[in-house]
Amino acid sequence: MALPDLDDLIAEVDRTCATAHRPGGQEQPDWLALLTSAAHLSGQLQSLAEDLVEDYVEHCRMHGVSWTDIGSALGVTRQAVQQRFHAPRKRYGPETMSEDLRAAMTHVKRAAVQHRNNYIGTEHLLFGLMAEPNSATRLLESAGASPAAVHDDVGARLTMGASQAAERIAWTPYSRKAIDLAEARSAEAGAAHIDCDDLLVGLALVGRGVAATVLKDAGFTP
């Protein structure tokens, strides 16, 4: 994968900054507006890079790698890496989910195992949600989108991995964020369990990842 160079990033800032050039034909562009756009893009790239490292730190811990070795790999001390990544992760057990969502989760894990992926990404979550009729598929239909088309689209984006430890699967940062948002939506509605439509909206609200892209292409917005 080719990384963008500085010229690519500058061109993206110029393309996305709505006020890059002053009206009235003035020669100088709006440098402060361009700086604001550049800072926003830089923040997105930094966040993406941090999510990437966090995902692999979690996999290392799941497979028994010590904090000392993780720190050495990242060029920092054991204490520094623990302070950065040792925040406890909330676990969502079956008791927090509706019956339909528990059924969807069986499809989620099966998709990861069959594709030999050692992670559960947003694509696996969306694929599982679309496997059977539930509140998520009904919400999609009410928004004018086709659950079958979404299922086929996200299924085509599942990639074959090489994991030999599929029984130990970690959720990616975007997937964890989606379930957190789903729980918040469920709690706001006063529901006792997280349901499929809550997770669907959570995937859309994350705004990044395969699921968000598929849902946007399908015309579904939260």
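The axes of helix H3 (residues 67–74) and helix H4 (residues 78–85) cross at roughly 95° and come within 8 Å. H3 is therefore roughly perpendicular to H4; that class spans 65 to 115 degrees. Axes are lines fitted to C-alpha atoms over the stretch in contact, with angles from 0 to 180 degrees between N-to-C directions. Helices are DSSP runs (H or I, at least four residues), numbered from the N terminus.

This is a predicted model: local features need pLDDT of at least 70, side-chain atom pairs count only at pLDDT 80 or more, and totals for chains, interfaces and linings use all residues. Residues are numbered from 1 along each chain as its sequence is written, and side-chain values use heavy atoms, leaving out hydrogens and water.

Contact means heavy atoms within 4.5 Å. The residues that meet are tabulated here.

| Helix | Residues in the contact |
|---|---|
| H3 | Trp-67, Thr-68, Ile-70, Gly-71, Leu-74 |
| H4 | Arg-78, Val-81, Gln-82, Phe-85 |

By class, the contact of H3 with H4 has five nonpolar, three polar and one charged residues. Here Ala, Val, Leu, Ile, Met, Phe, Trp, Tyr, Cys and Pro count as nonpolar, Asp, Glu, Lys and Arg as charged, and the others, Gly among them, as polar.

Now helix H10. H10 is mostly covered, with 10 of its 11 residues buried (under 20% relative accessible area, 1.4 Å probe, protein chains only). Its cover includes helices H5, H6, H7, H9 and H11. Asp-198 lies in H10 (residues 196–206). Asp-198 is buried, at 5% relative accessible area. Leaving aside residues up to four places away in sequence, Asp-198 touches Ala-182, Arg-185, Ser-186 and His-193. Just after H10, Gly-207 takes a positive phi of about 80°.

Conventions
Helices (H or I, at least four residues) and strands (E, at least two) are DSSP runs, numbered from the N terminus. Buried means under 20% relative accessible area, exposed over 50%, partly exposed in between (1.4 Å probe, protein chains only). Angles under 35 degrees count as roughly parallel, over 145 as roughly antiparallel, 65 to 115 as roughly perpendicular and the rest as oblique.
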